[in-house]
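Dear colleague,

Please find the structure below, handed over for your own work. My notes on it come after the display.

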Amino acid sequence: MPSFTQRISNLQQVGPVVELVITPSLPFLQTLNISPASTTAAKVLAMIDTGATGTVIQTGIAHQLGINPIGTTYIHTPSSMNVLCHQFDVRLIFPSNVGMDSIVVTEAPLQGQHIQCLIGRDVLQHGVLIYTGYDDSFTLSF
Amino acid sequence: MLEKETKFFESKLSELQKTEMEKFVVIKDEKILGSFAAITDALKFGYERYKDQAFLVKQILPTQQPLNFANNFLLM
């Protein structure tokens, strides 16, 4: 089972964050005969968020990747209800080349410049997340 | 983008629930172009037909669940 482990100093304060690469999905690239090596990619800092139903990317990343929406969804947050957001089909590449070739993510504005992606339970449902608090590390396997 | 398709989908949802339950439908403008058992097939159909243009893929479910977020990362 492919996996990666991240060690974060002060994991409790910082949270389970990881740098990952987002590109258009592999099915999109294959259907349009675009080489994955030549496509635009966005390198982002993501937080693993077990409190999120779905994965979110920062507003503007899809435009940077040159892709159009393939869906819409309503989202609820602690401060708002039923906000309509666009969804995009993307590829997520974690460290050690662990990843998902096609997953539908939601685009929404994330606070500050620190985190540009939340990895939600739609991704986690395919894998195993081990949070080892005393070791300041976490492991994600698919 | 996709506001027209979303409104059309919502207006047709009760009809679609009778015949297309759990399938993924592809909608462009105000037309349902196909329904598929897997989202990968629905997306492939959309890419082949519309290339890099926007189109709507929706799964037909008894209730359309919103996404929920417990934290305050989202600015909304």
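The notes below start with conventions, go through each chain, and end with the contact between the chains and some individual residues.

Residues are numbered from 1 along each chain as its sequence is written, while chains are lettered from A and ligands numbered from 1 in the order in which they are written. This is a predicted model, in which local features need pLDDT of at least 70, side-chain atom pairs count only at pLDDT 80 or more, and totals for chains, interfaces and linings use all residues.

**Chain A**

The secondary structure of chain A consists of 4 helices and 10 strands; helices (H or I, at least four residues) and strands (E, at least two) are DSSP runs, numbered from the N terminus. Their order along the sequence is β-α-β-α-β-β-α-β-β-β-β-α-β-β. For 142 residues, a compact globule would have a radius of gyration near 14 Å, and the 15 Å of chain A agrees with this. The radius is taken over C-alpha atoms, and the globule rule is 2.2 Å times the number of residues to the power 0.38. Along the principal axes, the C-alpha atoms fill a box of roughly 45 × 35 × 25 Å.

Of the 142 residues in chain A, 35% are buried. A residue is buried if 20 or more other C-beta atoms lie within 10 Å of its own, exposed if 12 or fewer, and partly exposed in between, with C-beta atoms placed from the backbone. Among the contacts in chain A with a separation of 6 or more, 65% are between residues 24 or more positions apart; two residues are in contact if their C-beta atoms, placed from the backbone, lie within 7 Å.

One open sheet of chain A has 3 strands in the order E1-E10-E9, with antiparallel pairing. Strands E1 (3–7) and E9 (128–132) of chain A stand at the edges with a single partner strand each, so one side of each has no neighbour in the sheet. From one strand to the next, the twist averages 10° (axes are lines fitted to C-alpha atoms, for helices over the stretch in contact, and angles run from 0 to 180 degrees between N-to-C directions). E1(A) is joined to strand E10 (residues 137–141) of chain A by 5 antiparallel bridges, where two strands pair if DSSP finds at least two bridges between them. Within this pairing, Arg7(A) has Ser137(A) of E10(A) as its bridge partner.

**Chain B**

Chain B has 2 helices and 4 strands, following the pattern α-β-β-α-β-β along the sequence. Its C-alpha trace spans about 40 × 30 × 25 Å along the principal axes. Buried residues account for 28% of the 76 residues in chain B. Of the contacts in chain B with a separation of 6 or more, 49% involve residues 24 or more positions apart.

**Between the chains**

The contact takes 36 residues from chain A and 28 residues from chain B. On the side of chain B that touches chain A, the elements giving two or more residues are helix H2 (39–50), strand E3 (56–59) and strand E4 (67–68) of chain B. H2(B) gives the most to that side, with 6 residues. By class, the side of chain B that touches chain A has 16 nonpolar, 7 polar and 5 charged residues (Ala, Val, Leu, Ile, Met, Phe, Trp, Tyr, Cys and Pro count as nonpolar, Asp, Glu, Lys and Arg as charged, and the others, Gly among them, as polar).

Strand E5 (residues 71–77) of chain A pairs with E4(B) in the parallel sense over 2 bridges. In this pairing, the partner of Ile75(A) is Leu67(B).

The largest nonpolar core has 49 residues, and those with the most contacts inside it are Leu20(A), Ala46(A), Val56(A), Cys117(A), Leu118(A), Ile119(A) and Val57(B). Such a core is a set of buried Ala, Val, Leu, Ile, Met, Phe, Trp, Tyr and Cys residues joined through C-beta atoms within 7 Å.

**Individual residues**

Pro69(A) is in the loop between helix H3 (61–65) and E5 of chain A, and counts as buried because 21 C-beta neighbours lie inside 10 Å. Leaving out residues up to four places away in sequence, Pro69(A) touches residues including Met1(B), Leu2(B) and Ala54(B).

Leu2(B) lies in the segment before helix H1 (3–19) of chain B. Its phi is near 70°, a positive value in a residue other than glycine, and Leu2(B) is buried. Asn10(A) also has a positive phi, near 60°, but counts as exposed, with 8 C-beta neighbours inside 10 Å.

With kind regards
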